[in-house]
Amino acid sequence: KVSGGISTEIRSFYDMLYKNQEVNDFYESLSQFEGDDNTIVVDTVTNRILNSSKPFLYSINAEGTLNNVVNFINDSLVSISLDRIIHHNQIENYTDSSKLSYYLDYSYSDHLLFNLFFPNEIEVLGIEDGNVKYKNEYGEYFFIAEKNDVNQLRIQSSYKILKDFIPYDELNELKLINEKVENAQNKRLIVKLKKNKA
């Protein structure tokens, strides 16, 4: 789910691919040459929502497969690598070297939600201490991992930039938001699969 200028850019890009076969073919060839990241393989797009009023929210729901994200430690323990699935369109910041303010094209939000289904009832170890909620004047970030059903884990990650101007003496505020994202990406969730009752 994206909103603001990023929503416009994404929709424009896919619309161009859809309407122009030559550009579509070029993009496909480029992807094959550079190699695809097959971490998330979408099998079916189940729903697509476009809100035509500001901030032009664009949302896609899909079902698919995650590769190299869920790893079995043994028969009953599963490790989930969040750095493979949490990727936001972040504003890079270099507070040590930058002496210029940031003039952005737009404020925006980028929201990811994953529902992971397991074959057995699950218990997520250490989940209580893993959630992140952080906000300052220029943006916010939250990460929530929660058991959504007996065999379902819900992971949400949301990155928002609230202003289109960030003065250079306030760039540390942007750095703090990005650090929260990095901390969430470095988390590793451990899921215990409970044995099915006979």
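**View 1. Strands S10 and S11 form a hairpin with two residues between them.** S10 covers 139-149 and S11 covers 152-161; helices (H or I, at least four residues) and strands (E, at least two) are DSSP runs, numbered from the N terminus. The model is predicted: local features need pLDDT of at least 70 and side-chain atom pairs count only at pLDDT 80 or more, while totals for chains, interfaces and linings use all residues. Residues are numbered from 1 along each chain as its sequence is written, and side-chain values use heavy atoms, with hydrogens and water left out. S10 and S11 run antiparallel and are joined by 10 bridges; two strands pair if DSSP finds at least two bridges between them. Lysine 147 is the residue opposite leucine 153 of S11.

**View 2. S11 also pairs with S7.** These two strands run antiparallel, with 10 bridges between them. Leucine 113 has glutamine 156 of S11 as its bridge partner. Eight of the 10 residues of S11 are buried, so the strand is mostly covered; buried means under 20% relative accessible area, exposed over 50%, and partly exposed in between (1.4 Å probe, protein chains only).

**View 3. Ile80 and Leu153 have the most contacts inside the largest nonpolar core.** This core has 34 residues. A nonpolar core is a set of buried Ala, Val, Leu, Ile, Met, Phe, Trp, Tyr and Cys residues joined through side-chain atoms within 4.5 Å. Elements that each supply at least two residues include S5 (77-81), S7 (108-117), S8 (122-125) and S13 (188-193). Helix H3 (171-185) is also among them, and H3 gives the most, with five residues. In soluble globular proteins, nonpolar side chains tend to be buried together.

**View 4. Surroundings of leucine 153.** Neighbours within four places in sequence are left aside. The residues in contact (heavy atoms within 4.5 Å) include Ile80, Phe114, Leu116, Phe118, Ile122, Val124, Ile127, Leu189 and Val191. Asn115, Glu146 and Lys147 are also among the contacts of leucine 153.

**View 5. Lysine 194 and glutamate 121 form a salt bridge at 3.7 Å, N to O.** A salt bridge is a side-chain nitrogen of Lys or Arg within 4 Å of a carboxyl oxygen of Asp or Glu, and the count by this rule is three. Lysine 194 lies in the segment after S13 and glutamate 121 in the loop between S7 and S8, so the pair ties together parts that are 73 residues apart in sequence. Lysine 194 is partly exposed at 31% relative accessible area, and glutamate 121 is partly exposed at 34%.

**View 6. Two further salt bridges involve lysine 135 and lysine 163.** Lysine 135 meets glutamate 140 at 3.8 Å, N to O. Lysine 135 is exposed, at 58% relative accessible area, whereas glutamate 140 is buried, at 16%. Lysine 163 meets glutamate 137 at 3.2 Å, N to O. This pair links distant parts of the chain, 26 residues apart: lysine 163 is in the loop between S11 and S12 (165-166), and glutamate 137 is in the loop between S9 (132-135) and S10.

**View 7. Four strands form an open sheet in the order S4-S5-S13-S8.** The pairing is antiparallel. S4 (70-72) and S8 stand at the edges with a single partner strand each, so one side of each has no neighbour in the sheet. S4 and S5 pair over three bridges, and phenylalanine 72 stands opposite valine 78 in S5.
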